[in-house]
Amino acid sequence: MLPYDEILRQLHQKSLYRELRTIEEVQGPAVRIGDRMLVNFASNDYLGLSQHPAVKAAAKAAIDQFGAGSGASRLISGTNEVHTHFEEEIAAFKRTERALLFATGYAAAVGTITSLVGPGDVVILDKLGHACLIDGAKLSGAFLRVFPHNDMAKLRHHLAWARRTYPHGNVLIVTESIFSMDGDFGKLAEITALKREFHALLFVDEAHATGVIGLHGEGWIAALGLTQQVDVQMGTLSKALGASGGFICSSEMLIQLLVNRARSFIYSTALPPASAAAASAALAIIRSEEGAMLRSRLRSNVLDLYAQLTATDRQAPDPAGPIVPLVIGDEQQTLELAEILYQRGLLAPAIRYPTVARGAARLRIALNSSHSMEQIQSLSQTINAFR
Ligand SMILES: *Cc1c(COP(=O)(O)O)cnc(C)c1O
């Protein structure tokens with residue numbers, strides 16, 4: 001490995017150096033950093049529920065009842081009523097037999113993939129899969145094959161190869177419903193058909209779809225009527241649910257397996273009671289009339305932004321998720337645009353390698369139901385002037 005200071009120097013030189021920014025105050029979709037107020041287009045809190053009075057009140061009540069921390073891992077003494085309650089509710093919402101909470105979505109993915117496959121098995125992963133899916137696959141010791149994003153011919157090819165080469169192994173397909181950096185949707189109908197044909201297992205990460213997509217926000221799997229075809233549904237409490245934590249929805253048997261095998265579940269302290277309680281309150285809103293109204297506002301914000309961006313490649317896809325990628329390509333130019341936006345009070349950071357491929361740098365704009373028409377206009381005008 002290169003000396004550490006040399007690694008940092010090269011990151012600077014390639015416009016790939018990153019640093020933290022501290023938010024000091026939150027006001028709806030706006031945040032204060034230093035002495036500057038910025039409209040936040042970088043948050044995954046798509047329905048604004050992290051700021052909802054009922055969600056905050058639920059978190060506070062859970063702290064009063066159970067304390068600030070859980071005190072132990074789930075299997076020791078960390079499981080309390082708010083965890084169990086959320087697990088029952090999310091399983092019912094996703095229409096699976098059972099659910100299991102993890103401390104983060106990252107931990108849910110890594111713990112689950114490493115429990116389902118090992119040496120002698122195969123994981124087949126979409127090229128644009130989130131880092132936690134890649135890390136889980138690598139850590140599992142299974143043979144890893146990657147298919148180009150949503151390329152069904154290549155997925156079929158890998159499945160046939162896996163069945164020939166590992167006739168007795170498990171074959172696990174891992175993909176997402178809404179991809180985190182491109183904002184587009186996984187081809188789940190085609191993937192479930194291939195999964196059946198090749199007797200593979202299917203794991204779908206619904207981090208960005210839960211709460212946002214579907215009549216009641218159940219996600220993309222349910223919206224497509226594919227619940228029975230997906231073996232493992234993963235999600236996080238940290239996006240539309242406005243809290244923090246991760247979950248797996250699956251069969252009773254697979255959840256029992258995770259409780260006994262998933263190291264990130266077994267050897268990590270249970271998520272704070274406040275997070276689980278906040279997520280339960282958020283889920284109740286998501287399923288209500290208010291949730292439907294928030295989703296419809298989010299959707300019209302997304303369509304407005306697409307309509308206002310002038311470049312020809314900016315047509316709204318159908319369905320349109322909350323993430324609008326503005327691919328610039330060059331890392332330096334992307335940083336410049338992010339800086340111009342920042343100076344205008346608009347927070348939309350540059351996403352660069354290794355989060356996305358080299359030369360595919362972009363602004364990742366995440367819309368929120370509480371963004372106003374003026375805020376979206378100000379964003380689109382600044383971007384259009386730059387391009
Ligand atoms: C955010 C995210 C995760 C990780 O969830 P956390 O709860 O933040 O750990 C997993 N997968 C995808 C696609 C994500 O965007």
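Modeller: Happy to! Let me begin with pairing: two strands pair if DSSP finds at least two bridges between them. Helices (H or I, at least four residues) and strands (E, at least two) are DSSP runs, numbered from the N terminus. In β14, arginine 362 is the bridge partner of isoleucine 351. Please keep in mind that this is a predicted model, where local features need pLDDT of at least 70, side-chain atom pairs count only at pLDDT 80 or more, and totals for chains, interfaces and linings use all residues. Residues are numbered from 1 along each chain as its sequence is written, and side-chain values use heavy atoms, with hydrogens and water left out.

Colleague: What makes β13 and strand β14 a pair?

Modeller: Two bridges link β13 to β14 (residues 361-366), in the antiparallel sense, and the criterion asks for at least two, so they pair. The open sheet has three strands in the order β11-β14-β13.

Colleague: Why are β11 and β13 called edge strands?

Modeller: β11 (323-329) and β13 (350-351) each pair on one side only. Helix α14 (residues 331-343) lies across β11, β13 and β14, at about 35 degrees to β14.

Colleague: Why is lysine 60 called exposed?

Modeller: Buried means under 20% relative accessible area, exposed over 50%, and partly exposed in between (1.4 Å probe, protein chains only). Lysine 60 has 54%, so it counts as exposed. Lysine 60 belongs to helix α2 (residues 53-66).

Colleague: And what makes strand β8 mostly covered?

Modeller: Four of the five residues in β8 (residues 201-205) are buried. Strand β7 (residues 171-176) runs parallel to β8, and five bridges join them; for example, phenylalanine 203 in β8 is the bridge partner of valine 174.

Colleague: How do you know that α7 is roughly parallel to α8?

Modeller: The axes of α7 (residues 152-165) and α8 (residues 188-197) come within 11 Å and cross at roughly 15 degrees. Axes are lines fitted to C-alpha atoms, for helices over the stretch in contact, with angles from 0 to 180 degrees between N-to-C directions. Angles under 35 degrees count as roughly parallel, over 145 as roughly antiparallel, 65 to 115 as roughly perpendicular and the rest as oblique. Therefore α7 is roughly parallel to α8.

Colleague: Which residues make the contact?

Modeller: With contact meaning heavy atoms within 4.5 Å, Met152, Leu155, Arg156 and Leu159 of α7 meet Glu190, Ile191, Leu194 and Glu197 of α8.
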